[in-house]
Amino acid sequence: MLSARLYTSIIALCRIGTGIAFGILIATVLTQVFSRTFLPDSPVWTEELTRHALLFLAAFGVGLSFRNGELVNVDIVCEMLPPRIQRALMFVSAGLTAAFCLVLLSPAWMFVSIGELQTSPALGVRMDFIHVTVFILLALLALFAVLRMIRVITGASDGKPEDTTKDFP
């Protein structure tokens, strides 16, 4: 059985990754804005780093979005059904999400390996370090879907998105 500590640690790691990516994104965009305003030339690398930061932001944030129902959640029909059927539908939905992501992991890894032969034009970073965001996104989405299924089976969740407002004081 999945311990609450491990579950909390996974969530914390995703939040840290999302926060770092968001911090880099903010710093890079501010650098671009200030350099365009106050300097004769703006650095070329800022646009590229912004794109890379957005990719990492999406990769680390997708699981958290799935967890709290902010990814894509069409639940109008589901909300009208009895709780037992809602729980079953949420379980099946999480299972299908996990299966779809797991099927795509192998092609995503091939995409990552293609990037080993390329570098980004402005930063000179190997593109496999950037392409890995697709793999991370799929792996984390599958992980959070499987975690939802485990939590439904153990009775820790009814399968609905979690209320994350209680996570913060």
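Y7, F66, R67, F144, L147, R148, R151, S157, K160, P161 and E162 line the largest cavity. Here a cavity is a set of points on a 1 Å grid over the protein atoms alone where a 1.4 Å probe fits but cannot get out, and lining residues have an atom within 4 Å of a point. Two elements, α2 (45-68) and α5 (128-154), each give two or more residues to this lining, and α5 has the largest share with four residues. Helices are DSSP runs of H or I with at least four residues, strands are E runs of at least two, and both are numbered from the N terminus.

Keep in mind that this is a predicted model, where local features need pLDDT of at least 70, side-chain atom pairs count only at pLDDT 80 or more, and totals for chains, interfaces and linings use all residues. Residues are numbered from 1 along each chain as its sequence is written, and side-chain values use heavy atoms, with hydrogens and water left out.

So what kinds of residues make up the lining of the largest cavity?

| Kind | Members by definition | Residues in the lining |
|---|---|---|
| nonpolar | Ala, Val, Leu, Ile, Met, Phe, Trp, Tyr, Cys, Pro | five |
| charged | Asp, Glu, Lys, Arg | five |
| polar | the others, Gly among them | one |

Zooming out, the chain has five helices and zero strands. Its C-alpha trace spans about 65 × 40 × 35 Å along the principal axes. Of the 169 residues, 34% count as buried, meaning under 20% relative accessible area with a 1.4 Å probe, protein chains only.

Definitions and conventions
1 Å grid on protein atoms, 1.4 Å probe; cavity = no way out; pocket = protein on both sides within 12 Å on 5 of 7 lines; lining within 4 Å. Buried < 20%, exposed > 50% of the residue type's maximum accessible area, 1.4 Å probe, protein only.
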